[in-house]
Amino acid sequence: MAVHAGYLAVGVVYLTERHLAPLPLAAALAALATVTGLQVRHSLPRPPGVRPAGFGWTWALQCAVAVAVLFGPDGTHPQLLAFAAASALVLLPPAAGWPVLAAAVLAAGAVSGAAAVDVVTIALVCYGLALLTAMVQRVREARLALAELAVARERRRIARDVHDLLGSGLTAVAVSAELAVRQPSAGHLERAAALAERTLGELRAVPADGAVLDLSAELAAAEALLTAAGITLDRTGDPEQVPPADRPLLAAVLREGTTNVLRHSRATRCTLVLDRNGLHLSNDRARPGPHSPGHGTPNLTTRATTHRATLTSAPDGHGGWLLTTTLPTTPGPPPPPRRIPTRQQASPLTHPHP
């Protein structure tokens with residue numbers, strides 16, 4: 001726009017300095033304004049493949065005015081013909097646009113060699129500016145699309161974290177509250193209150209993308225919670241056997257797996273195998289009837305895929321359920337940090353109560 005406005009101003013000054021009669025001056029100014037205005041319209045950025053409405057008529061008008069001025073009685077003005085040629089490059093396919101430019105150069109060359117040079121120079125400059133403007137517009141749109149994508153990904157991350165935290169935290173609170181009703185003097189009510197406070201603190205930290213889950217703390221919490229629910233846990237392996245980079249993933253799997261055992265099974269015994277190859281958590285009695293997975297397992301699958309690990313969750317063939325996470329056998333590039341906010345403290349389930 002600035003280039004066209006500058007050319008329009010220069011053209012007006014040039015015409016007024018020629019001291020033309022009022023009628024020829026008015027005609028020349030109208031031709032200058034028409035061709036320049038149409039050039040601006042043809043050069044505005046648009047989506048790929050989209051051309052301005054009625055471009056055939058407007059470009060034909062631009063060409064007619066430019067040719068009339070070029071061969072008019074008041075002298076040559078090849079710049080207007082250059083604008084028409086630049087519009088052809090912008091509006092028409094290359095197979096048609098470049099021949100139009102060649103024809104414009106020949107027409108200007110019939111008047112003078114300098115006019116032909118002006119047409120080539122101005123047409124290519126205007127065409128280049130139109131391409132640059134379109135490119136800048138597309139880059140701007142791409143940046144907006146990337147920003148929207150980043151916002152959508154962050155919303156999905158927060159939704160996954162909130163689901164995982166609420167699912168495990170509220171399940172633990174519910175189990176402790178039920179036990180408190182059955183055994184009022186066993187400290188279960190205090191444990192439920194501590195669990196609720198921990199879950200609330202974790203939820204507050206979700207938007208900040210806080211610290212990663214600690215595998216040892218999650219293992220202690222799982223053991224205490226299952227024991228409180230009357231489920232025997234047979235454990236093999238130690239968190240220290242797991243590579244440090246893989247511990248946050250297995251901690252998230254263990255948390256969700258423990259939640260599923262409490263919510264979706266009638267288990268009396270669980271088996272946990274934990275080593276450098278991954279995690280295997282099974283229970284001896286799945287809930288009868290069809291299994292309808294919620295969002296927890298798909299969330300874990302997404303985390304595992306990001307970590308180059310595999311996760312399976314299915315019946316074990318003996319009436320129970322098996323959750324398996326297999327870690328990659330060869331080290332790869334570290335995955336993007338997947339953080340679930342948590343307080344760096346021991347689980348309330350592990351604290352003795354008076």
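How much accessible surface does the protein have, and what share of it belongs to carbon and sulfur atoms? The accessible surface comes to about 18,700 Å², and 65% of that belongs to carbon and sulfur atoms. The model is predicted. Its secondary structure comes to ten helices and five strands. The points below start with the whole protein and then turn to single places in it.

**The protein as a whole**

- The protein has 354 residues, and buried residues make up 38% of them.
- Among contacts between residues at least 6 apart in sequence, 69% join residues at least 24 apart.
- The structure holds four salt bridges.

**Salt bridge between Arg-255 and Glu-218**

- One of the salt bridges joins the side chains of Arg-255 and Glu-218, at 2.9 Å from N to O.
- This pair links distant parts of the chain, since Arg-255 is in helix H9 (residues 247-264) and Glu-218 is in helix H8 (residues 215-228), 37 residues apart.
- Arg-255 counts as buried because its relative accessibility is 7%, a value under the 20% cut-off.
- Glu-218 is buried as well, with a relative accessible area of 8%.

**Salt bridge between Glu-223 and Arg-235**

- Glu-223 forms a salt bridge with Arg-235, and the closest N and O atoms are 2.7 Å apart.
- Glu-223 counts as partly exposed because its relative accessibility is 26%.
- Arg-235 counts as partly exposed too, at 35% relative accessibility.

**Salt bridge between Asp-234 and Arg-269**

- The side chains of Asp-234 and Arg-269 meet in a salt bridge, with 2.7 Å from N to O.
- Asp-234 lies in strand E1 and Arg-269 in strand E2 (residues 269-275), so the pair ties together parts that are 35 residues apart in sequence.
- Asp-234 has a relative accessibility of 32% and therefore counts as partly exposed.
- Arg-269, at 38% relative accessibility, also counts as partly exposed.

**The hairpin of strands E4 and E5**

- Strand E4 (residues 310-315) and strand E5 (residues 321-326) pair in the antiparallel sense, over six bridges.
- The hairpin of E4 and E5 has five residues between the strands, and in it Gly-317 takes a positive phi near 85 degrees.
- Leu-311 stands opposite Thr-325 in E5.
- In a regular strand, side chains alternate between the two faces of the sheet.
- Is Thr-325 buried or exposed? Thr-325 is buried, because its relative accessible area is 0%.
- Leaving aside neighbours within four places in sequence, Thr-325 is in contact with several residues, including Leu-249, Leu-250 and Val-253.
- The contacts of Thr-325 also include Asn-277, Gly-278 and Leu-279, as well as Ala-309, Thr-310 and Leu-311.

**Ser-87 in helix H4**

- Ser-87 lies in helix H4 (residues 78-91).
- Ser-87 counts as buried because its relative accessible area is 0%.
- Which side chain makes a polar contact with the side chain of Ser-87? The partner is the side chain of Gln-39, at 2.5 Å.
- Not counting residues up to four places away in sequence, Ser-87 touches Gln-39, His-42, Trp-59, Gln-62 and Leu-92.

- Val-120 lies in helix H6, which covers residues 113-182.
- Val-120 counts as partly exposed because its relative accessibility is 31%, a value between the 20% and 50% cut-offs.
- Together with Trp-98 and Leu-124, Val-120 forms a nonpolar patch on the surface.
- The accessible area of Trp-98, Val-120 and Leu-124 together is about 250 Å².
- Ala-114 is also found in helix H6.
- Ala-114 is exposed, because its relative accessible area is 52%, a value over the 50% cut-off.
- Ala-114 and Pro-78 are 36 residues apart in sequence, and 9.0 Å separates their C-alpha atoms in space.

Conventions
Residues numbered from 1 in each chain as written. Predicted model: local features only at pLDDT ≥ 70, side-chain atom pairs only at ≥ 80, totals over all residues. Heavy atoms only, no water. Patch = residues over 30% accessible without salt bridge, like charges linked within 9 Å, V, L, I, M, F, W, Y side chains within 5 Å. Areas by Shrake-Rupley, 256 points an atom, 1.4 Å probe, with all protein chains shown as cover. Helix = DSSP H or I, 4+ residues; strand = E, 2+ residues; numbered from the N terminus. Buried < 20%, exposed > 50% of the residue type's maximum accessible area, 1.4 Å probe, protein only. Pairing = 2+ DSSP bridges. Contact = heavy atoms within 4.5 Å. Polar contact = N/O pair within 3.5 Å; in protein donor to acceptor, adjacent residues only side chain to side chain.
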